[in-house]
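Visitor: I have a structure open and I want to learn how to read it. Where do we begin?

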Amino acid sequence: MDLKILTQFDMQNLILVSIIFGIISSKYISGYIASRLQGIKPKLANIFGLLSTTQLTTTLAATFAASSVGLLDTTLTSAIVSISIITTIFGPTAVKVVQAK
C-alpha cells in the first residue's frame, strides 16, 4: 500500500480532510443537541452523539449511485468513503472510552 499521499498535502487533501471533519462533527453535534433537548443527561447525550456518527450507510449508498453516474468527483467520493471507514472504527471505540469514565 502506497502511503505517500499522507506526506503530500495539497488543496485536494485539504478539501478531503475538511469534508471528513465537518461531516463527523456535524453528526456528533446534532446527535448531542437532539438528545439534550429531549432531557438526556450530558454523559448519555455524549454517547448518543458519538453513536450517531456511525449512521452513514444511506450516505454511502447515495455516494455510490451519484459517483457511478458522474455526479461526484473523486475527491468527494473518497472523502465520503473515508468518513464511513473512520466512523465505523472510531464510533464504537469512542463510546467505550466515554462509558468507562
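Guide: The expected span of a helix is 1.5 Å times one less than its number of residues. This is a predicted model, and here is the case in it. Helix H4 covers residues 74-100, which is 27 residues. From first C-alpha to last, H4 reaches 39 Å, close to the 39 Å expected.

Visitor: What span should H1 have at 1.5 Å a residue, and how far apart are its end C-alpha atoms?

Guide: H1 also has 27 residues, so it should span 39 Å. Its end C-alpha atoms are 38 Å apart, which agrees.

Visitor: Where is the kink in H4 centred?

Guide: A kink is read as an angle between the axes fitted before and after a residue. In H4 the kink is about 30° and is centred on Thr-87. Thr-87 is also among the buried residues of H4.

Visitor: Let me step back. How many helices and strands does the protein have?

Guide: Count 4 helices and 0 strands. Along the sequence the pattern reads α-α-α-α. The C-alpha atoms fill a box of roughly 45 × 30 × 20 Å along the principal axes.

Visitor: Which residues of H1 are buried, and what do they pack against?

Guide: Here is the general idea. An α-helix has 3.6 residues a turn, so residues three or four places apart point the same way. Now the case. The buried residues of H1 are Asn-13, Leu-16, Ile-20, Ile-24, Ser-25, Gly-31 and Ser-35. The buried residues of H1 pack against H2 and H4.

Visitor: And which residues are buried in H2?

Guide: In H2 they are Ala-45, Ile-47, Gly-49, Leu-50 and Ser-52. Their cover includes H1 and H4.

Visitor: Is Ile-23 buried, exposed or partly exposed?

Guide: Ile-23 lies in H1. Its relative accessibility is 30%, so Ile-23 counts as partly exposed. The C-alpha atoms of Ile-23 and Ile-83 are 7.9 Å apart, although 60 residues separate the two in sequence.

Visitor: Now pairs of helices. At what angle do H1 and H2 cross?

Guide: Read two values for a pair: the distance between axes and the angle. H1 (residues 11-37) and H2 (residues 42-52) have axes that come within 7 Å and cross at roughly 140°. That angle makes H1 oblique to H2. The crossing is right-handed. On the H1 side the contact includes Lys-27, Tyr-28 and Tyr-32. On the H2 side it includes Pro-42, Asn-46 and Phe-48. Just after H1, Gly-39 takes a positive phi of about 90°.

Visitor: Which contacts does Asn-46 make beyond its neighbours within four places in sequence?

Guide: Asn-46 lies in H2. Beyond those neighbours, Asn-46 is in contact with Tyr-28, Tyr-32 and Val-98. Its C-alpha is 8.6 Å from that of Ser-35, which is 11 residues away along the chain.

Visitor: How do H2 and H4 lie, roughly parallel or roughly antiparallel?

Guide: Their axes are 9 Å apart, and they pack at about 170°. Over 145 degrees counts as roughly antiparallel. H2 and H4 are therefore roughly antiparallel to each other. Among the residues that meet are Ile-47, Leu-50 and Leu-51 in H2, with Phe-90, Ala-94 and Val-95 in H4.

Visitor: At what angle do H1 and H4 cross?

Guide: Roughly 45°, with axes that come within 9 Å. That makes H1 oblique to H4. H1 passes H4 in a right-handed crossing. The residues of H1 that meet H4 include Ile-15, Leu-16, Ile-19 and Ile-23. Those of H4 include Leu-76, Ala-79, Ile-83 and Thr-87.

Visitor: What does Ile-19 touch, leaving aside neighbours within four places in sequence?

Guide: Ile-19 is found in H1. With those neighbours left aside, Ile-19 is in contact with Leu-76, Ala-79 and Ile-83.

Visitor: What share of contacts with a separation of 6 or more links residues 24 or more positions apart?

Guide: In this protein the share is 64%.

How values were computed: Residues are numbered from 1 along each chain as its sequence is written. This is a predicted model: local features need pLDDT of at least 70, side-chain atom pairs count only at pLDDT 80 or more; totals for chains, interfaces and linings use all residues. Side-chain values use heavy atoms; hydrogens and water are left out. Helices (H or I, at least four residues) and strands (E, at least two) are DSSP runs, numbered from the N terminus. The bend at a residue is the angle between axes fitted to the seven residues ending there and the seven starting there. Buried means under 20% relative accessible area, exposed over 50%, partly exposed in between (1.4 Å probe, protein chains only). Axes are lines fitted to C-alpha atoms, for helices over the stretch in contact, and angles run from 0 to 180 degrees between N-to-C directions. Angles under 35 degrees count as roughly parallel, over 145 as roughly antiparallel, 65 to 115 as roughly perpendicular and the rest as oblique. A crossing is left-handed if the near helix is turned anticlockwise from the far one by less than a right angle, and right-handed if clockwise. Contact means heavy atoms within 4.5 Å.
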